[in-house]
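Please summarise the contact between the chains and the packing found in the model below.

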Amino acid sequence: MTKRSIKVQSFLKTFFGRGFIVYAAALIALMFILFAIFADVLSKYDPNEIDLMQSLALPSSEHIFGCDLHGRDVFARILYGARISMLISVFSCIVGAIIGMLLGLVAGYREGFIGTLIMRYVDLQLAIPPMLFTIIIGMLAGHNMFGLVFALSFGMLPGFIRLMYGLVLSLKQNDYIVALKFARIPTWKIILGHLLPNAFPTMLVTFTMNLGSTIMLESTLSFLGIGIQQPTASWGSMVSDGYSYIFTRPFLAFVPGICILLLVLSFNILGDSLRDAIDPRLKGKL
Amino acid sequence: MDAQNNIILSVQGLKVHFPLTKGIAKKQIGYVRAVENISFDVERGKTVGIVGESGCGKTTTGKAILRMVKATEGSIYLNGQNLLTMTPREHDQIKRKVQMIFQDPYGSLDPRQKASSIIREILREDGAHHTAKELDDEALRLLTMVGLSEEIGERYPHEMSGGQRQRVGIARALACNPELIICDEPVSALDVSIQAQIINLLTRLQKELGLTYLFIAHDLAVVRHIADTVYVMYLGQFVEKMSSDEMFSSPLHPYTKALLSAIPVVDCEVEKTRKRIELSGEVPSPINCPSGCPFHPRCPYATDICREKMPDREVAFGDHEVACHHYKELLPVKQP
């Protein structure tokens, strides 16, 4: 067996080390991803097709999750909504995390003037209510998906910057970083090879935690008319549309709500497993 | 080679003061006098020990030599070149000649790197081109040199014992091919049997590779074993310089005597009867240094002159230097 395949094997062993729950999470995440990709094939209805005869129809063999106020099939909207919700939350978190980590890294590693500048900017942004901030940016950035991703990732920057800043401040004091400096290891190698990998586990957990809140934030923005416009389906907007009928047609809010819950939960579990799998200290322990 | 050329490190009048600031305007309200006017030479192939209590400035001295802290005054010559007047770029060129072995074997290795990878990373940056095979071989040679096997090279730090980690730390320092190694309490975090192994390893490496050590420690027994010359430091100053044998046989400064008498004697009969010099009080704060001799508030022999005038370092005999007004009066310390 080659060295690489042993490595992959031990990675997978730790990754699935928690057993059943990780398999379940992986299955759920995979299912949603497949939903998003094959939405056209899986649903026989157009998610935006209005059929007022079917308004608020109860679940039946025709419409397994029933229909909403405008008679649109909820199952179809869930499938198409998976696309929008997953794309937006994952993309904006990735963008936010990368930029936030980069700025936090610079601020933490080179304190001084640049560091103070970045951190004072973070304070400034934190002084504005995050919701308000994201709304303003969203309005400025335009009413499309890119504008929304931009606004959402911008809004979550301070969290990532501050966390990374703190991590780098403490990590760079470590003797092994000092020893690397004595040995004339170039700064970029110290940052990429040592600071980043050691800060990564903490950042990964924050990343998966942010995924969930971003899906909800996106729905709020959609509700306020920024970002995804009606009638395009997104899980968040389905929850906010459906909750007026929470007592008469509970499935309208619950079905997308449970989807959000499952997706966030599975991402969190997978994120934790990934963190464990890349930690050499946990090798063979789980 | 004459004696002058043989000096690898020469520290002249080194002072390290940390400014104390207050409030938002960063108003300066004083200094922490961490290192106050110390001078010493380190000969090639020898070991110089610096001993003293916690907070006396030992580690700061080491850090100043590595330019990790900014020296306030004085000069540090490495092979005749003044390190403190160098530009960062010039300093970068000679950085690898001075290496450090750290106190904490847990914090000094990257938890995500295997031992051999730690060594290889350092080797790769020595300015020459290496093939992967050469790096592997050289890393293995260094690990073997510090008494580790190839199998341990494939381990992560958390899979090693404290002694093994410290050996990896030594191998990492050696990977830079240094002339001077600053050992900052390299054994104080280890248990006694491992301490001896590491000390013996350091001594052996010194013989084989002609290394020079600046050995910072608070354990007098350890320093006696490894050092040729010992400096006793108190409150940022050297109070006594002597060979390591003289430290135990004929200490002159009252502080050195007090330090030595703090070592317990194994023989319980002797322990019961022997007279201990007990120091009262605490080490004064380096922010408000006492006037005159820094040791006078705790010294049992202090007189008026000690309170007023700072004693100079005088040659007592041979290589033995002491900074005390009264050492001559205290000389005949024949125990009855």
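## Contact between the chains

Chain A contributes 13 residues to the contact and chain B contributes 21 residues, two residues being in contact if their C-beta atoms, placed from the backbone, lie within 7 Å. On the side of chain A that touches chain B, α8 (175-182) and α9 (187-223) each supply at least two residues. The largest share of that side, 4 residues, is from α8(A). Helices are DSSP runs of H or I with at least four residues, strands are runs of E with at least two, and both are numbered from the N terminus.

This is a predicted model: local features need pLDDT of at least 70, side-chain atom pairs count only at pLDDT 80 or more, and totals for chains, interfaces and linings use all residues. Residues are numbered from 1 along each chain as its sequence is written, while chains are lettered from A and ligands numbered from 1 in the order in which they are written.

## Chain B

Chain B has 12 helices and 12 strands. Along the principal axes, the C-alpha trace of chain B spans about 70 × 60 × 50 Å.

Among contacts in chain B between residues at least 6 apart in sequence, 64% join residues at least 24 apart.

## Helix packing in chain A

Helix α2 (residues 20-37) of chain A packs against helix α4 (residues 74-109) of chain A at an angle of about 105°, their axes lying 7 Å apart. Axes are lines fitted to C-alpha atoms, for helices over the stretch in contact, and angles run from 0 to 180 degrees between N-to-C directions.

From α2(A), A:F32, A:F35 and A:A36 meet A:L79, A:A82, A:R83 and A:M86 of α4(A).
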